[in-house]
Structures are given as structure tokens and as C-alpha cells.
Protein chains: 2
Amino acid sequence: MVATSELERAINDRLADHDLRYTSGRRAIVEGLKRAEGPITLPELLECSPDLAQSSAYRNLSLLEGAGVVRRLVHGGEHAHFELAESLTEHHHHLICESCGQVRDITLDAGLERTLDRSFDELAANEGFTPTHHTVDVYGVCGDCTG
Amino acid sequence: MVATSELERAINDRLADHDLRYTSGRRAIVEGLKRAEGPITLPELLECSPDLAQSSAYRNLSLLEGAGVVRRLVHGGEHAHFELAESLTEHHHHLICESCGQVRDITLDAGLERTLDRSFDELAANEGFTPTHHTVDVYGVCGDCTG
DNA sequence: CGACGAATGAGAACCACTCTCCATCGGTGC
DNA sequence: GCACCGATGGAGAGTGGTTCTCATTCGTCG
Ligand SMILES: [Mn+2]
Ligand SMILES: [Mn+2]
Ligand SMILES: [Zn+2]
Ligand SMILES: [Zn+2]
């Protein structure tokens, strides 16, 4: 799930499964998300690919989300953030700067992830809840904002 | 931080610190949040206290949030959810139903919380990030929606 | 080429939430 | 009680990120 051509094929397959074409506009979005250091907002995406139309970018991000290619992160800030879906990259979590809104990826120890999953399964079972996935967000102030 | 009168006093103090009065409308909001089984949306809050004006409720929720009395939870759904701040209740996390949007509280084992905090401190230090708090959200389907 | 459905893009619409503005309230000093 | 004044409430307008509309363009398959 890491080699570029492999990733392109996986994306193509998921789009095909949803009767969607892998057009140049969609490819530009995926390229923008790949090039980014972490999750980015739509304005940031347009900045890096200025020939994308805003409405098309939003529409295609939603379609890509539905096809399991893109993940949307919604926090308190003004814009949602977008990144490639975990199934195309790897399971991870986020540092969120409460000052500038920047989001960065972090990866927890595999053992800790396993402990968390066990704990969630147990808690959820007690509530009649069927868990599918989880998110861990660490809020604070990033290095840029600390000065 | 549990006895009702103690809680009322704490809320009063925090409001006073922010030059805000503990008025009947704000008390109604706090009562609604206390009565609720978990985090609720503004429409749910108005349903339970129909004489609140929407604009006043939103304004007072924001003021209460600023005063550290209320916490706002923002997920992907259409409405934000509101609950009493953790410093007035206790640190906990959330189950989120992806079908109906309902949010329920869960509490992790204290040892696991400590492990998480250590892990976050370490990860954040490597990134020049200063963590202040964290959230853990477990997504899935609730019992009501499973049938 | 011709046809037809999918995709695009400019702008309108949506809607949760915030702001504006004025009436009212509540405390303070006289 | 009364005048004053900042805080509060309520109705409605405004904001802005995101989604929808619809006419046009594109891709694909005969
Ligand atoms: Mn990420
Ligand atoms: Mn909660
Ligand atoms: Zn920052
Ligand atoms: Zn549900």
C-alpha cells in the first residue's frame, strides 16, 4: 500500500467500484494530498493546484471520500481538512494546533493501538455499540505558534 | 466536583471570573446539559427547554464555553454537541454513532489514560508541539441503529 | 463522426451558527 | 422610589464553508 503505482491502481479500483472515472481533476486532488505534509484544507489544496475550480474540488473530495480514497477531518476550525484514506496509507492520529489550526500526523506504538482497540471493543460491547474505527486527537500549540 | 451545590458554586465562580452573570437562561442551559444523558445538540437542548431563544442559547453556550463551563464537540454531523466541561465532571471520551449521530460518554481505564498521556508527551516533544489535552472518539453503530 | 452519460465550473442556494440592534433587566447610588 | 448604566435577551439579518443547480464540455463506445 506504499508504492506509487500500486497506490494509483488501488485508487483506480475504488473509483471504478463506485462508477467514477479517475479524471485529471481527481488526479490533481490526489497528487495535492500526496504532496502535502499532512491533512490540508480546501484553500490550501487550491493554492497548490490553482487551476482547480472550488466547486469541483469540493464535489470531487466528497466523491473520493465516498469511494474510500479520501478522509475528511472535521474539527472546530473554519475549514475541514482532507488526507488520503488510511487504507491507502496507514493508521495514524493527529496533533492539532489550537492557535493556527494546523494538523500533523502522528503514529502510536502498535502495542498501544492494540490495547486501545481491545479497550474499545470491551466498552462498546457493554453499550450495545459496534465500533468500526477510532480517532485520537492531541490538541495543543505547535512549534511555529510557540515561537 | 460532583455535589450539585458544589458544581453550582464552581460555575458561578467561573462566570464571575469572566464578568458574566449566572442568569436564569444560562442556568436553564446548564440544567439541560446536566439532565441530558450525554452531549446534546442545540435543537435537543431547545426541545428540553422550549422557552430558550435559539440565538440566546447559541450565544450563551459560546460564553459558557469561553468561561470553561461548557465543552463543544465538533464532529462530522450537522450539529455540534455540547456538554459540561471536563473540569466540572471528569475526563472521558465518546462513542459516536455514524448512523444517527448520537454521542455517548465512555471512560477509559486510568492506567491507559496515563499511558496515552506519556505517549503524547513524547510524540509531541519530537515535533516541538506542546499538548494541552486529547480526545478519543470511537465511531461505529449504536444499539438503537443496529436494531 | 454521432450519441449519450459523466464530469466540469460558475454561481446560486443552503444552513449551522454568529452578529446586530434595540428593548429589558438588575444592580448601584442617591 | 428613581435615574443611571452596563449586562442580557430576543428577533431577525448576516456570514461563510460547503453543497447544489444547470448549462456546457468531455470521454467513450459504437
Ligand atoms: Mn492524518
Ligand atoms: Mn462527553
Ligand atoms: Zn500552530
Ligand atoms: Zn445510532
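At 4% relative accessibility, Cys142(A) is buried (buried means under 20% relative accessible area, exposed over 50%, partly exposed in between, with a 1.4 Å probe and protein chains only). Cys48(A), by contrast, is partly exposed, its relative accessible area being 37%.

The model is predicted: local features need pLDDT of at least 70, side-chain atom pairs count only at pLDDT 80 or more, and totals for chains, interfaces and linings use all residues. Residues are numbered from 1 along each chain as its sequence is written, chains are lettered from A and ligands numbered from 1 in the order in which they are written, and side-chain values use heavy atoms, with hydrogens and water left out.

The number of disulfides over all chains is zero, where a disulfide is a pair of cysteine sulfur atoms within 2.5 Å. For Cys48(A) the closest cysteine sulfur belongs to Cys100(A) and is 18 Å away, too far for a bond.

The manganese ion (ligand 2) has four protein donors listed with their atoms: Glu83(B) (OE), His92(B) (NE2), His94(B) (NE2) and Asp105(B) (OD), at 1.9 to 2.1 Å. Donors are N, O and S atoms within 2.8 Å of the metal (3.2 Å for Na, K and Ca); water is not among the atoms, so sites may look incomplete. Along the sequence, the donor residues follow the spacing E-x8-H-x1-H-x10-D. Helices (H or I, at least four residues) and strands (E, at least two) are DSSP runs, numbered from the N terminus. His92(B) is buried at 7% relative accessible area, whereas Asp105(B) is partly exposed at 31%.

DNA strand C has 17 residues around it, and those that come nearest are Arg21(A), Thr23(A), Arg59(A), Tyr58(B) and Ala80(B); a residue is near if one of its heavy atoms lies within 4 Å. Of the atoms of DNA strand C within 4 Å of the protein, 67% are sugar and phosphate.

| Residue | Atom of DNA strand C | Distance |
|---|---|---|
| Arg26(A) | phosphate oxygen | 3.0 Å |
| Arg59(A) | base nitrogen | 2.5 Å |
| Asn60(A) | phosphate oxygen | 3.1 Å |

Two or more residues each come from α4 (54-66) of chain A and α4 (54-66) of chain B. The largest share, four residues, is from α4(A).

Notes. Polar contact = N/O pair within 3.5 Å; in protein donor to acceptor, adjacent residues only side chain to side chain.
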